[in-house]
Amino acid sequence: MVSARRSARMTGLLALPAFAALLAVPPATAQERTIALVGGQLLDGYEANPIHHATVLIEGNRIVAVGPASEIEIPSDAEVIDTRGKTMMPGMVDAHVHIMILDGRRGTLSVPAEVPLLVEAEGPVRILRLNRPHRLNAVSLPMYEALEAELERIGADLETRVVILTGSGRGFCSGADLKAHRDHEASLAERHAYIDTSQRVYRALQTLPQPVVAAVNGHAIGAGCELALSCDFVIVAEEARLRMPEVALGTFIGGGTAYTLRRRVGHARAPELILLGRYFTPEEAGAWGLANQVLPADEALPAARELAARLARNAPISMRLAKRLLDRAESVDADEALRLEAEALLTCMASEDWREGLEAFARNRDPVYRGA
Ligand code: ACO
């Protein structure tokens with residue numbers, strides 16, 4: 001277990017010279033300090049790839065070299081910061097450390113094979129895979145941060161048309177990491193950071209310009225259930241167990257579900273799920289309108305891919321506006337709804353894609369939309 005004693009800030013971009021260059025850097029030039037980096041966004045090009053072993057060298061606050069190497073012990077007094085320079089909650093750290101350097105000397109580290117979020121690109125589709133399979137993908141601050149950063153990137157990327165959210169291994173997401181919370185009692189500031197980040201993630205899923213498909217390949221509990229319910233489409237594995245057990249654990253729902261669920265499943269059922277915290281089946285989720293499809297676990301992701309491919313063919317501006325209006329559907333009156341639709345219609349009618357849609361229809365071919 002790594003403990004966070006002091007805080008430090010990382011400055012500047014991380015450089016990634018060849019391993020040979022690392023060996024050429026004399027250890028004496030490096031400042032005495034101990035830094036670990038966590039999260040899935042350590043270095044460009046490394047984002048989607050767990051780094052199992054690495055050697056790093058630090059000068060001042062900067063990592064100046066990274067390369068493959070063998071193992072070392074992580075010292076108990078190591079200072080742990082993430083890639084944004086924030087001190088980590090020690091209890092949250094053990095499974096997230098990717099790289100560590102000791103005291104400015106060249107050091108090596110055995111890196112746990114965990115990156116909290118894996119990102120895969122398949123043409124216009126991004127697959128985001130929650131990746132803490134040893135805990136059935138229980139959420140952690142680094143996972144939320146990685147999700148937030150990735151969703152921000154995707155939101156600004158016109159090439160990405162659809163997002164799929166799924167889990168590694170047999171779970172989708174088992175909610176709050178109960179072991180980490182037990183091991184480390186968070187300070188008030190840490191609690192705020194955790195809650196705020198998680199809520200930004202739920203909202204980012206709901207308001208992302210692109211549609212998001214949840215491929216709920218396995219258990220979705222608590223925060224995991226809320227992540228799925230924040231997506232536009234939900235495909236659930238028959239084997240998945242679904243539950244919001246917060247009240248049974250002495251905690252509370254944080255993703256807005258206590259507020260939205262009554263509207264979504266009805267006055268009688270919402271208390272069953274929120275106050276009783278009972279398990280509900282994928283079939284119930286389907287019948288109540290919380291899930292679009294229920295399939296055997298190994299068919300959930302293929303079905304999500306198929307759905308994503310269909311969604312990706314639609315015009316991006318129309319999709320973005322439609323998603324925005326759906327998000328606001330419960331909070332506007334009929335007059336405002338008409339005004340918003342007229343505004344959306346005018347935007348679409350001024351787009352190149354509208355011309356392309358008309359042209360494709362006239363020529364009896366598939367449209368090719370550019371999102372312009
Ligand atoms: N936090 C930390 N570790 C977890 C979590 C979690 N939320 N969920 C599962 N794990 C770990 C288990 O401890 C176990 O670890 P181990 O192999 O080292 O013993 C491993 O993941 C596999 O879990 P099992 O319990 O063995 O899997 P099983 O299929 O039998 O049960 C289930 C799955 C039902 C999801 C069960 O693990 C469970 O109830 N987990 C807790 C769910 C929960 O209450 N989450 C918090 C909700 S509140 C909120 O999110 C705010």
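**Before you start**

Residues are numbered from 1 along each chain as its sequence is written. Because the model is predicted, local features need pLDDT of at least 70 and side-chain atom pairs count only at pLDDT 80 or more, while totals for chains, interfaces and linings use all residues.

**The whole chain**

Begin with everything shown, and colour the chain by pLDDT, which is the predictor's confidence in each residue, from 0 to 100. The mean pLDDT of the chain is 77, and 69% of its residues reach 70 or more. Now select residues 1–113, where pLDDT stays under 50. Where pLDDT is low, the predicted coordinates should not be read in detail.

Switch to a cartoon view, in which the chain has 13 helices and 13 strands; helices (H or I, at least four residues) and strands (E, at least two) are DSSP runs, numbered from the N terminus. Of the 372 residues, 39% count as buried, a word that here requires 20 or more other C-beta atoms within 10 Å of the residue's own, whereas exposed requires 12 or fewer and partly exposed lies in between, with C-beta atoms placed from the backbone.

Alanine 121 stands opposite arginine 126 in S7, and in the hairpin, which has 2 residues between the strands, glycine 123 takes a positive phi near 60°.

**The surroundings of the ligand**

Next, select the ligand and the 18 residues that surround it, of which the closest are Ser174, Gly175, Ala176, Gly222 and Ala223; a residue belongs here if its C-beta atom, placed from the backbone, lies within 6 Å of the molecule. The elements that give two or more residues to this shell are helix H3 (178–183) and helix H6 (246–249).

Stay with glycine 222, whose place is in the loop between strand S10 (220–221) and H5. Is glycine 222 buried or exposed? Glycine 222 is buried, because 26 other C-beta atoms lie within 10 Å. Not counting residues up to four places away in sequence, glycine 222 touches Gly175, Ala176, Met244, Pro245 and Glu246, where a contact means that two C-beta atoms, placed from the backbone, lie within 7 Å. Glutamate 246 is 24 residues from glycine 222 in sequence, and their C-alpha atoms are 6.5 Å apart in space.

**Helix H7**

Finally, select helix H7 (residues 257–265), and pick out Thr257, Leu261 and Val265, which are buried. They cover an arc of only 30° around the axis, taken from the directions from the axis to the C-beta atoms, which puts them on the same side of H7. What covers these buried residues includes helix H5 (223–229) and helix H8 (269–274). The face of H7 turned away from its buried side carries the exposed residues Tyr259 and Arg263, and just after H7, glycine 266 takes a positive phi of about 105°.

Methods:
Pairing = 2+ DSSP bridges.
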